[in-house]
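Subject: A structure for you to look at

Hi there,

Here is the structure I promised to pass on to you. Have a look at it first, and then read my notes below.

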Amino acid sequence: MSTRILGIESSCDETAAAVVADGREILSSVVASQMDIHRKYGGVVPELASREHLRQIVPVVREALAQAGLSFSDIDAIGVTQGPGLIGSLLVGMTYGKVLALELGKPLVPVNHLEGHVHAVFLEAHIERHTPELPAVCLIVSGGHTLLYYVEAKPGAGSTLSPSEKGAGSTLSPLEKNAGSTFTLNASSEAWSPRIDDNQASYGFQFRRLGGTRDDAAGEAYDKVARLLALGYPGGPVIDQLATHATASGAAANTEDELHFGPVKIKGNSYDFSFSGIKTAVLYYLRAHPEFNAEIETRREALLQGRRKAADLLPLCSPQVLALISNFQSAVVNDLVTRTLSAASETGARTILVSGGVAANSALRDTFQSKALTKGLNVFFPSRALSTDNAAMIAAAAYSHLQAGDIASNDLNAEPNLRIA
Ligand code: KG4
Ligand code: ZN
């Protein structure tokens with residue numbers, strides 16, 4: 001009988017729930033996006049986000065169960081994002097998860113959102129019938145994060161170690177580990193025991209932080225540049241498509257009066273990132289070129305009328321602006337790829353994992369694929385749906401913790417600055 005985990009994610013502006021069996025079979029995945037609410041502010045407004053999570057959490061969880069064809073009593077455990085994220089948003093998912101766990105008598109498993117993004121890559125690899133080889137270098141790149149980790153399997157993963165060799169904690173069932181807490185486990189939870197199978201992600205990972213952004217996250221830079229140019233929110237998907245068009249039409253190559261970005265210079269740790277300089281260069285360029293104001297105003301009006309697709313905005317962009325977009329994207333993508341590849345070669349990792357909203361970017365995917373190939377490295381991405389925030393990745397990460405007996409007591413709190421290393 002498989003272990004079915006209900007995952008709940010509410011760390012930012014997506015209310016999500018999913019059911020995943022044995023940490024890798026997605027039975028359902030429901031995401032309620034708040035994009036329409038935050039769009040007019042050009043970014044996530046924390047107070048509005050928490051209120052919307054409150055409205056969405058119950059229907060989203062019910063829908064995830066309905067799509068999986070399950071009821072609450074069929075669930076073996078509840079995995080919930082503990083952090084990092086917006087405190088008000090995290091508290092909604094966490095409180096609901098706690099109440100469900102108490103009411104149903106099921107284990108509650110706290111999950112680090114970033115670890116969830118790593119599991120998203122493994123969920124996708126499982127669908128594609130691949131297994132990423134560890135150790136790996138993992139780039140988590142989204143609207144809130146740009147982080148580089150060295151990822152190894154937790155000791156015992158994929159090996160034939162006995163439960164006692166895997167550490168004292170893992171020999172305890174959730175019932176034993178949870179003794180003294182107020183959780184009472186029902187019959188199906190009592191039957192739970194750690195399983196040894198070929199799913200290395202089910203044992204979890206251990207992380208070493210190699211670097212991270214010192215200022216803006218890459219997705220944040222996309223969103224801010226999109227705001228400066230009136231390209232809508234979120235900026236990433238539209239810039240991605242417009243840049244592709246600029247490259248295909250040769251707009252970038254043929255324009256003389258364009259902004260070229262040099263490589264980002266970082267003092268100290270060469271695995272750190274910095275994107276605020278690129279964003280500021282765009283700002284100064286636009287200030288120095290007031291001739292772009294008219295087209296920016298035209299696009300702003302189009303956005304107000306709901307014409308926000310790349311196909312709507314493309315005819316409203318001059319070749320110079322398309323060139324600017326394309327060069328901005330190349331600068332961000334090249335920086336992400338170069339630092340990640342050098343981290344892989346210096347740590348001896350054979351595999352690169354890329355996850356988070358910006359992992360959906362087509363230029364990032366293409367550049368990683370072609371450059372990694374020349375170095376004999378394998379690159380793994382989640383699908384676009386699994387790249388952005390979702391609860392399937394939370395349920396998958398929860399499975400590895402459940403295997404290890406990492407169950408929360410009911411005084412668990414949300415941690416807005418939670419780290420994985
Ligand atoms: O992971 P995510 O859904 O939420 C956060 O945790 O931030 O990522 C959202 C971010 C936004 O900044 C959005 O502009 C960016 O991911 N994004 C993209 C693309 N799709 C989403 N950036 C570049 N290219 C894309 N195709
Ligand atoms: Zn995320």
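A polar contact here is a pair of N or O atoms within 3.5 Å; within protein, one must be able to donate a hydrogen and the other to accept it, and residues adjacent in sequence count only if both atoms are side-chain atoms. By that rule, G236 touches ligand 1: a backbone N or O atom of G236 is 3.0 Å from one of the ligand's oxygen atoms. A polar backbone atom of G143 lies 2.8 Å from an oxygen atom of ligand 1, and for G219 the distance from such a backbone atom to a ligand oxygen is 3.2 Å. Ligand 1 has 550 Å² of accessible area on its own, and the protein covers 90% of that (Shrake-Rupley method with a 1.4 Å probe; for residues, only the protein chains shown count as cover).

Some ground rules before we go on. This is a predicted model, where local features need pLDDT of at least 70 and side-chain atom pairs count only at pLDDT 80 or more, while totals for chains, interfaces and linings use all residues. Residues are numbered from 1 along each chain as its sequence is written, chains are lettered from A and ligands numbered from 1 in the order in which they are written, and side-chain values use heavy atoms, with hydrogens and water left out.

The ligand's surroundings

Helices (H or I, at least four residues) and strands (E, at least two) are DSSP runs, numbered from the N terminus.

The pockets

Ligand 1 sits in the largest pocket, as more than half of its atoms lie within 2 Å of the pocket's grid points. On a 1 Å grid over the protein atoms alone, a pocket is an open set of points with protein on both sides within 12 Å along at least five of seven lines, whereas a cavity is a set where a 1.4 Å probe fits but cannot get out; lining residues have an atom within 4 Å of a point.

The largest pocket holds about 1,300 Å³ of space (the space filled by probe spheres set on the points, which are joined across faces, edges and corners). It is lined by 46 residues, and S142, G143, D223, Y233 and P234 are the closest to its centre. Helix α7 provides the largest share of this lining, six residues.

The second largest pocket has a volume of about 380 Å³. Of its 16 lining residues, R39, K40, G42, G232 and L303 are the closest to the centre.

Most residues other than glycine have a negative phi, and most peptide bonds are trans. A cis peptide bond joins Y233 and P234, with omega about -5 degrees, and P234 lies in the loop between α7 and α8. Another cis peptide bond, between L134 and P135, has an omega of about 5 degrees. D22 is not a glycine, yet has a positive phi of about 50 degrees.

Happy exploring!
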